[in-house]
Amino acid sequence: MSDFAAVVADYADRLWGAGVRPGAVVALVKSNHLDIQAIQCAVVRVGALPALLSVAMEPPDLLRCLRELQRPHLVTDTEGAAVLRPGQQQLGEIVTRVLTLTPDAELPGAVELNEPAAHRVTRRPGTDPTLITHSSGTTGTPKLLVHTVDSLYAHVAPQMRVVRSLDYTGISAKCLSFVHVRMSTGLLTALNTGVPFLGISSPDPASVRAALLRYRPETLEAQPNMFLRWEPLARETPNPFTTVERYISSFDAIHPRTLRTLLEASERPNPTFIQAYGQTETGPVTLLMTTRADLREPGRPHSRDVGAAFPGMEVRVVDDAGAELPAGTPGNIEVRTPARAESMIGRPPLPGRDAWWPMHDVGALRPDGHLELYDRRVDRVPGVPSTLRAEDVLLDELPELAEVVIVAVGGTVTAVAATADGKPVDEDRWRSARAKAGLPEGTRVEHRPWEEFPLTGTMKVRRHRLLPHEARG
């Protein structure tokens with residue numbers, strides 16, 4: 001913890017030496033690494049406002065976000081500069097100054113961030129903006145979201161309660177997008193609870209395996225599709241998951257096959273899979289803990305159950321007119337939470353936090369208060385009650401699948417699939433699995449290499465990008 005504080009102080013000196021002062025906006029566009037979080041803390045320390053932008057963002061979206069920040073200072077590196085280079089002629093009118101962390105980040109007017117000067121610490125009141133982050137852009141253009149000190153603390157508080165209740169020991173490893181608000185709140189939770197922390201920059205299975213075998217963490221957090229991609233690691237010798245006592249996943253529901261694979265891979269007496277449901281705008285809203293013993297309960301690992309609401313947060317399901325629906329009836333998910341973002345840059349003012357916030361997801365509340373997640377509203381496929389449930393069944397029935405996503409192409413239900421060995425699924429086995437998944441008889445399967453799936457920085461599949469251009473609307 002003291003080492004991290006020293007790194008933050010050093011970055012703060014360098015930012016101050018570069019002319020960053022209280023009230024300025026500092027945009028970060030750089031390779032995915034834990035130093036993003038150290039720079040973010042340094043920006044806040046000098047009284048400026050950090051804006052964390054994913055280097056995986058499409059260049060036009062990246063330039064649009066920089067323009068919406070109204071001439072921020074830009075901190076980048078070699079990878080960030082490469083992404084920005086197609087629009088480099090626009091940077092002079094979009095940003096105040098380009099500050100580079102690496103000498104080979106060649107952009108017009110760039111200055112290396114290496115001249116320190118003793119900085120002055122500026123503290124912000126709870127209602128002041130303290131972080132700008134962005135939505136993943138799964139369904140379109142990313143939105144820039146502003147969090148205050150208070151709203152960010154409302155993200156962190158329930159996480160600290162969970163960590164303390166579970167009496168964390170050992171290293172907590174996280175392989176996430178380091179610009180995501182989840183990473184900011186996860187790090188703040190670790191710093192406030194004293195949990196040893198390991199940041200894994202790359203989701204590449206070989207890199208992850210090497211890190212896990214070297215450090216042997218007891219807690220491992222990643223995005224759902226990262227865990228899906230790591231399933232084959234559980235079958236390797238040595239198994240890198242043997243020491244993991246708790247897995248953590250947020251953003252979306254986890255595939256049951258993945259959950260079972262990882263829990264069975266642990267050699268701990270009773271490992272736990274902790275999953276939360278939420279979004280960048282709200283932070284985690286619901287929580288579900290599943291143990292290996294729970295897998296023996298009928299139906300437990302085969303639903304889209306994402307748990308019950310955290311204390312102080314509320315979830316409801318409504319129809320298209322906003323009327324609350326009875327338990328078990330699918331509808332639109334809405335939440336109320338003190339952790340909701342304060343505002344969206346370039347958008348109309350948001351309603352107060354006492355208003356219900358639409359998650360733009362479809363699901364149902366069970367009688368026990370647990371929420372089941374069916375689909376994103378924009379991704380619904382006619383004739384398929386839940387594409388997510390159908391995908392779960394296909395992954396269970398066809399273990400050779402590395403990924404499968406159901407979309408509607410020209411009125412035809414299509415399963416876009418990637419297999420682990422690159423070979424097409426056997427037609428008879430596909431027909432059997434399709435029937436068990438409840439997909440229409442005419443559903444077709446389209447095979448693609450996993451590398452061709454369009455992903456966000458958090459490895460969510462951009463389903464609308466799987467459609468032909470004319471079908472995107």
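Residues are classed here as buried when their relative accessible area is under 20%, as exposed when it is over 50%, and as partly exposed in between, with a 1.4 Å probe and protein chains only. The structure is a predicted model, in which local features need pLDDT of at least 70 and side-chain atom pairs count only at pLDDT 80 or more, whereas totals for chains, interfaces and linings use all residues. Residues are numbered from 1 along each chain as its sequence is written, and side-chain values use heavy atoms, with hydrogens and water left out.

Backbone geometry is considered first. Most residues other than glycine have a negative phi, and most peptide bonds are trans. His 360, although not a glycine, has a positive phi of about 60°; His 360 belongs to strand S18 (residues 357-365) and, at 46% relative accessibility, counts as partly exposed. Helices (H or I, at least four residues) and strands (E, at least two) are DSSP runs, numbered from the N terminus. A positive phi of about 60° is also found at Arg 71, again not a glycine, which is placed in the loop between helix H3 (59-68) and strand S3 (73-76). Arg 71 is partly exposed, its relative accessible area being 40%. The peptide bond that joins Thr 237 and Pro 238 is cis, with omega about -5°, and Pro 238 is found in the loop between helix H9 (224-230) and strand S11 (246-249).

Helix H6 comprises the 17 residues 149-165, which at 1.5 Å a residue should span 24 Å, and the end C-alpha atoms are 24 Å apart, in agreement with that value; the expected span is taken as 1.5 Å times one less than the number of residues. The buried residues of H6 include Leu 152, His 155, Val 156, Gln 159, Met 160 and Val 163. Contact is defined as heavy atoms within 4.5 Å, and what covers the buried residues of H6 includes strands S6 (129-134), S7 (144-148) and S13 (283-291) together with helix H7 (181-193). H6 is followed by Asp 167, whose phi is positive, near 50°.

Within strand S6 lies Pro 129, which is partly exposed with a relative accessible area of 32%. Not counting residues up to four places away in sequence, Pro 129 touches Leu 49, Arg 124, Val 146, His 147 and Thr 148. Pro 129 and Lys 174, 45 residues apart in sequence, are 26 Å apart in space, C-alpha to C-alpha.

Two helix pairs were examined for their packing. Axes are lines fitted to C-alpha atoms, for helices over the stretch in contact, and angles run from 0 to 180 degrees between N-to-C directions. The axes of helix H1 (residues 2-17) and helix H2 (residues 35-45) come within 8 Å and cross at roughly 60°. Phe 4, Val 7, Val 8, Tyr 11, Ala 12 and Leu 15 in H1 meet residues of H2 that include Ala 38, Ile 39, Cys 41 and Ala 42.

Helix H11 (residues 387-397) and helix H12 (residues 427-436) pack at an angle of about 145°, with their axes 9 Å apart. Val 393, Leu 394 and Glu 397 in H11 meet Arg 429, Trp 430, Ala 433, Arg 434 and Lys 436 in H12, and by class this contact has 4 nonpolar, no polar and 4 charged residues.

Methods: Nonpolar A, V, L, I, M, F, W, Y, C, P; charged D, E, K, R; others polar.
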